Amino acid sequence: MDILIFTSGMIDYKYRKIPNLIVILILGWALFFSSAPIFERIAGFLVTAIPLFILAITTGKIKGGDYKFLVACATALGISVFIKSLAFAVLLAIGWTFVKREASVPLAFVFMGGYLIFSIL
């Protein structure tokens, strides 16, 4: 799973795209290899899929690749690990906007950083 998150982060940083193949591989990991309890994975899917879908439709700020990536990661990692990783990712994204002076951030890249910080701590 770590390799998939790292790969998607690097691709998103370089090309600002998240390949569908990586999202499919993350979902495959969620179905067959994830060590997160099943209720954590289901909660991760439901808690991210519905609100992010509404946010993507109403604001247009979240693109399709980012949406699919976040839902897949939440499903594979489970809701508790995902939320903690996302909290660190939000802090990195805020720092990114100040340092780079860009309105948007490569979401998989900052999530990779948030997941890395969570994993180390």
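How many residues does helix 6 have, and what distance does helix 6 reach from its first C-alpha to its last? The points below take up this question and then the rest of the chain.

1. Helix 6, which covers residues 107-120, has 14 residues, and from its first C-alpha to its last it reaches 20 Å, a distance close to the 20 Å expected at 1.5 Å a residue. Please bear in mind while reading that the structure is a predicted model, and that every value quoted in this note is computed from that model.

2. The buried residues of helix 6 are Leu107, Ala108, Val110, Phe111, Met112, Gly113, Gly114 and Tyr115. These buried residues pack against three other helices, namely helix 1 (2-15), helix 4 (64-77) and helix 5 (79-100).

3. Ile120 also belongs to helix 6, but Ile120 counts as exposed, because its relative accessibility of 65% is over the 50% cut-off for that class. The C-alpha atom of Ile120 is separated by 24 Å from that of Phe98, and the two residues are 22 apart along the chain.

4. For the chain as a whole, there are 6 helices and 0 strands, and reading along the sequence gives the pattern α-α-α-α-α-α. The radius of gyration is 13 Å, which agrees with the value near 14 Å that a compact globule of 121 residues would have. Taken along the principal axes, the box filled by the C-alpha atoms is roughly 40 × 35 × 25 Å.

5. Of the 121 residues, 40% count as buried, and the accessible surface of the chain comes to about 7,200 Å², with 75% of that area belonging to carbon and sulfur atoms. Where contacts join residues at least 6 apart in sequence, 70% of them are between residues at least 24 apart.

6. Just after helix 4, Gly78 takes a positive phi of about 90°.

7. Which residues make the nonpolar surface patch of about 1,000 Å²? The patch is made by Ile38, Phe39, Ile42, Phe45, Leu46, Val47, Ile50, Phe53, Ile54 and Ile57. One of these residues, Phe39, is found in helix 3 (residues 38-59), and Phe39 counts as exposed because its relative accessibility is 58%, where the class requires over 50%.

8. Most residues other than glycine have a negative phi. Arg16, in the loop between helix 1 and helix 2 (20-32), has a positive phi of about 60° although it is not a glycine. Arg101, in the loop between helix 5 and helix 6, likewise has a positive phi, near 55°, and is a residue other than glycine. As for accessibility, Arg101 counts as exposed because its value is 70%, over the 50% cut-off, whereas Arg16, with a relative accessible area of 38%, is partly exposed.

9. Which side chain does Arg16 meet in a salt bridge? The partner is Glu102, with a distance of 2.8 Å from N to O. This pair links distant parts of the chain, since Glu102 lies in the loop between helix 5 and helix 6 while Arg16 lies in the loop between helix 1 and helix 2, and the two are 86 residues apart. The count of salt bridges in the model comes to 1.

10. Are the two partners of this pair buried or partly exposed? Glu102 counts as partly exposed because its relative accessibility is 30%, which falls between the 20% and 50% cut-offs, and Arg16, at 38%, counts as partly exposed for the corresponding reason.

Methods. Residues numbered from 1 in each chain as written. Predicted model: local features only at pLDDT ≥ 70, side-chain atom pairs only at ≥ 80, totals over all residues. Heavy atoms only, no water. Helix = DSSP H or I, 4+ residues; strand = E, 2+ residues; numbered from the N terminus. Expected span 1.5 Å × (residues − 1). Buried < 20%, exposed > 50% of the residue type's maximum accessible area, 1.4 Å probe, protein only. Contact = heavy atoms within 4.5 Å. Patch = residues over 30% accessible without salt bridge, like charges linked within 9 Å, V, L, I, M, F, W, Y side chains within 5 Å. Areas by Shrake-Rupley, 256 points an atom, 1.4 Å probe, with all protein chains shown as cover. Salt bridge = Lys/Arg side-chain N within 4 Å of Asp/Glu carboxyl O. Rg over C-alpha atoms; globule rule 2.2 N^0.38 Å.
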